[in-house]
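Here's a quick walk through one model, meant to be read with the coordinates open. Grab your viewer and follow along.

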Amino acid sequence: MDIVSGSNMLALKVILFNARSICNKINELYILLSTYDYDIIFITESWVTENILDSFITQSYKYNVLMRNRLSDARGGGVMIICKIQLTVLEVVIPEALNTDESIIVDLHLVGPSKVKIFSVYRS
């Protein structure tokens with residue numbers, strides 16, 4: 001993904017995958033993080049609960065984890081955005097009327113005042 005900010009261009013290595021439980025595929029995630037050097041990883045259907053820590057998701061890798069876990073008792077759902085710590089990202093507060101456990105929005109800050117909104121959204 002190439003992002004243009006003024007006269008500068010930022011190329012990001014990005015991947016999206018539907019996990020259907022990241023806990024069952026944690027080794028595959030570790031391989032993605034250590035082998036392919038992605039800047040941003042979008043994950044849908046993470047199936048993660050509030051009991052799972054960021055450190056379990058990324059171990060010792062240099063990534064920040066932003067999660068929106070399914071709040072209901074139903075199995076499934078949830079989304080994640082995993083970003084390299086070198087990237088400046090801030091989670092955007094979604095108005096309560098629009099907020100779901102199936103979406104997360106962040107501002108990716110670029111050079112100067114420029115920023116780009118990135119979304120991870122899943123709809124079953």
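This is a predicted model: local features need pLDDT of at least 70, side-chain atom pairs count only at pLDDT 80 or more; totals for chains, interfaces and linings use all residues.

Residues are numbered from 1 along each chain as its sequence is written, and side-chain values use heavy atoms, with hydrogens and water left out.

Let's start with the greasy part. A nonpolar core here is a set of buried Ala, Val, Leu, Ile, Met, Phe, Trp, Tyr and Cys residues joined through side-chain atoms within 4.5 Å; buried means under 20% relative accessible area, with a 1.4 Å probe and protein chains only. The largest such core has 18 residues, and Ile22, Leu29, Ile43 and Ile82 touch the most other members. Helix 1 (26–35), strand 4 (40–44), strand 5 (63–68) and strand 6 (79–84) each supply at least two of its residues, and helix 1 gives the largest share, 5 residues. Helices (H or I, at least four residues) and strands (E, at least two) are DSSP runs, numbered from the N terminus.

Apart from that core there's another one, of 15 residues, including Leu66, Val89, Leu108 and Leu110.

Back to Ile43: beyond its neighbours within four places in sequence, its contacts (heavy atoms within 4.5 Å) include Phe17, Leu29, Met80 and Ser120.

Two strands pair if DSSP finds at least two bridges between them.

| Strand pair | Bridges | Example partners |
|---|---|---|
| Strand 5 and strand 6 | 6 bridges | Arg68 and Val79 |
| Strand 7 (88–91) and strand 8 | 4 bridges | Val89 and Leu108 |

Strand 8 (103–109) is mostly covered, with 6 of its 7 residues buried. Together with strand 9 it forms a hairpin with 5 residues between them, and Gly112 in the turn has a positive phi of about 70°.

Ser46 is in the loop between strand 4 and helix 2 (54–58). Ser46 counts as buried because its relative accessibility is 0%. Not counting residues up to four places away in sequence, Ser46 touches Ser21, Ile22, Gly77, Gly78, Val79 and Met80.

Key:
Buried means under 20% relative accessible area, exposed over 50%, partly exposed in between (1.4 Å probe, protein chains only).
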